[in-house]
Structure formats: C-alpha cells, structure tokens
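Welcome, and thanks for taking a look at this one with me. Please open the sequence and the model side by side before reading on.

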Amino acid sequence: MNVLIVYAHPEPQSFNGALKDLAVSELTKLGHQVEVSDLYAMNFKAVADGGDFQQRQDEHFLKYAVEQKHAVKTESFSRDIEDEQEKLVWADFVIFQFPIWWYSMPAILKGWFDRVYASGFIYTRENRYDSGGLKGRKAMLSVTTGTPKGAYMPNGMDGDIHEKILYHINHGMLYFSGMQPVEPFISWTPSHDEDERKMYLEAYKQRLHTLVEQPIISYHPKDHYDENHQLKKEYQ
Ligand SMILES: Cc1cc2nc3c(=O)[nH]c(=O)nc-3n(C[C@H](O)[C@H](O)[C@H](O)COP(=O)(O)OP(=O)(O)OC[C@H]3O[C@@H](n4cnc5c(N)ncnc54)[C@H](O)[C@@H]3O)c2cc1C
C-alpha cells in the first residue's frame, strides 16, 4: 500500500527521527511505497494566511475557509499545500510522527492541518466524519512523551492520553476528514532510558509489520447524532 509519513521534529537524531527512519526502512522492506513529509526539513510554512491562495475570491477580506473552497474549485492553492494534498490522495495509510508538545502537536504540524486539511477538500457541510473527503484511508499517530505513562492514565495529572490529549487529533482531525484512525503507538518518556528506547523501537517494528490488522478506534458515525449534534438516546 501507499504510506505517507508526516513527520514533525526539528532534530534528525531525535528519538522521533529514529522512529520515522525505522518506519521508512521496515515499510519499504515489506514492499510498501513510502513518502515522507519532513515538515522541518521542508521548512513547511505553519501560518495560514492570504499567501496560501494564488487567486482570491475576495481580495479585501480574508475568510480563510471560503478561500479554501474557492481554491479547491479553481485549483489555485499555493504549491506547498497542493503537494501535500496530492500526497494525501495518493496515500492508503498515513502515519503522523511527532512529540507531544503542550498537550498537543508541534505548531508546524498544527499549521499543516490548518492549511492542508482544507474546506472543500477534506470536508463540506454535508460530508465530514464518516463521509469526509479522505474516506477509505487509515491513519495512525506515533507519539513520544516527556511525562511518564502514569500521568496519562484516567486519574493521572496530565489526563487520559486517549480521551483528553489525542482525542482532538484522532476524532477532530483524522476521523473528521473521513480517515479511520487506528490505535496510536506511544513511546513514553524515551529520553529517560536506553533499554526502554530499544524496547520501543522493537515494539514499533512489530507494529509496522501488523499495520493493516491494527484495530480501528471506534467512533459514532454522523447519523448517530441529532440536529443539535447530540448523541441520539438509542446510541448512548
Ligand atoms: C515545547 C515543548 C513542549 C512540551 N510539552 C510536553 C507536554 O505537554 N507533555 C509531555 O509529555 N511532554 C512535553 N514535552 C516533552 C516532549 O514530549 C519530549 O521531550 C519528547 O517527546 C521526547 O522525544 P524526542 O524525540 O524529542 O526525544 P530525544 O530527546 O530527541 O531523544 C531521546 C533520546 O533518544 C536517543 N536516540 C535517538 N535515536 C536513537 C536510537 N536509534 N536508538 C536509541 N536511542 C536513540 C537520543 O540520542 C536521545 O538521547 C514538551 C517538549 C517541548 C520542547
């Protein structure tokens, strides 16, 4: 299958870099086609602004999502956005490799979502979540943390990693776009212990060999919600 790795870490020798390199070599060995968007190496522009469009519907007042829709229709995104969108269309599976920064992702990756996950391309008023523009594709987060696993348990200081930290990405970005997110791969505090790092690299190798069989995170489809965006009683 075609695998896109969107990688966001400023240091190539980091543990995130090691996980990304491992994914490239293992997936290639397994016969998959692999593409990497190395956002720092690409100096990817993280800020969404008027420069993202080659021609504007309204030159006087920037309504970013309206211009995104216009750019989809007129094929007039800036080249860097168009390149990333083409990679997404090409991909069957997308891996996002990044460290948790401020309970979320590095700004360069958030900017990638702001700019590439465009209105009209990823979603419309009618088509989002289970009918989003990237339907048919799967995605996985591979993240590293600075605080230990205990902090991310349901009663932990940082909050449940699945429900409070990664939910806005898995549900709000990946599932919103029509992708099916699979269970994330988490390397807890890799900066602490060399033996644990080796263990994570070995475990990640196993994960990469079984990507296709990984369980999907189950979310409610759009029609389980009523007109007020509330879960219908029968699905609660
Ligand atoms: C702005 C900012 C905000 C942050 N916010 C949070 C937060 O909200 N929550 C949280 O939990 N953490 C937070 N952190 C911490 C951050 O998540 C961790 O520092 C990060 O996840 C560690 O991953 P890394 O790739 O940067 O590790 P690195 O420090 O780069 O790597 C760890 C070690 O792995 C070694 N290594 C590299 N390659 C290999 C290899 N092949 N084999 C074995 N060892 C190798 C490196 O040499 C290094 O010694 C934050 C950090 C920053 C900078």
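Below are some numbered points to guide a first look at the chain.

1. A word on the source to begin with: this is a predicted model, so please read each value below as computed from that prediction.

2. Let's start with the overall layout. The chain holds 7 helices and 6 strands. Read from the N terminus, its elements follow the order β-α-β-α-α-β-α-β-α-α-β-β-α. The radius of gyration is 18 Å, close to the 18 Å given by the globule rule for 236 residues, so the chain is as compact as a globular protein of that length.

3. For a sense of scale, the C-alpha trace spans about 55 × 45 × 35 Å along its principal axes. Of the 236 residues in the chain, 47% are buried.

4. Next come the charged pairs. Side chains of opposite charge can pair when their charged atoms come close. How many salt bridges does the count come to? The count comes to 13 salt bridges, and the next points visit some of them.

5. Is Lys20 buried or exposed? Lys20 counts as buried because its relative accessibility is 14%, under the 20% cut-off. Asp21 is partly exposed, with a relative accessible area of 40%.

6. Glu26 counts as buried at 5% relative accessibility, whereas Lys29 counts as exposed at 65%.

7. Which residue forms a salt bridge with Arg115? The partner is Asp80, and the closest N and O atoms of the two are 3.0 Å apart. Arg115 sits in helix α4 (residues 107-116) and Asp80 in helix α3 (residues 79-90), so this pair ties together parts that lie 35 residues apart in sequence. Arg115 counts as buried, at 1% relative accessibility, while Asp80 is partly exposed, with a relative accessible area of 25%.

8. Please keep Arg115 and Asp80 in view for a moment. Both belong to a network of salt bridges that links Lys45, Asp49, Asp52, Asp80 and Arg115.

9. Now turn to the surface. Which residues gather there in a patch of positive charge? They are Lys63, Lys69, Lys73 and Arg125. Lys69 has its place in helix α2 (residues 64-74). This lysine, Lys69, is partly exposed, with a relative accessible area of 41%, and residues need over 30% to be part of a patch.

10. Where is Asn155 found? Asn155 is in the loop between β4 (138-144) and α5 (161-165). At 81% relative accessibility, Asn155 counts as exposed. Its C-alpha atom is separated by 19 Å from that of Ser187, a residue 32 positions away along the chain.

How values were computed:
Residues numbered from 1 in each chain as written. Predicted model: local features only at pLDDT ≥ 70, side-chain atom pairs only at ≥ 80, totals over all residues. Heavy atoms only, no water. Patch = residues over 30% accessible without salt bridge, like charges linked within 9 Å, V, L, I, M, F, W, Y side chains within 5 Å. Areas by Shrake-Rupley, 256 points an atom, 1.4 Å probe, with all protein chains shown as cover. Salt bridge = Lys/Arg side-chain N within 4 Å of Asp/Glu carboxyl O. Lys, Arg positive; Asp, Glu negative; His and termini not counted. Charge placed at Lys NZ, Arg CZ, Asp CG, Glu CD. Helix = DSSP H or I, 4+ residues; strand = E, 2+ residues; numbered from the N terminus. Buried < 20%, exposed > 50% of the residue type's maximum accessible area, 1.4 Å probe, protein only. Rg over C-alpha atoms; globule rule 2.2 N^0.38 Å.
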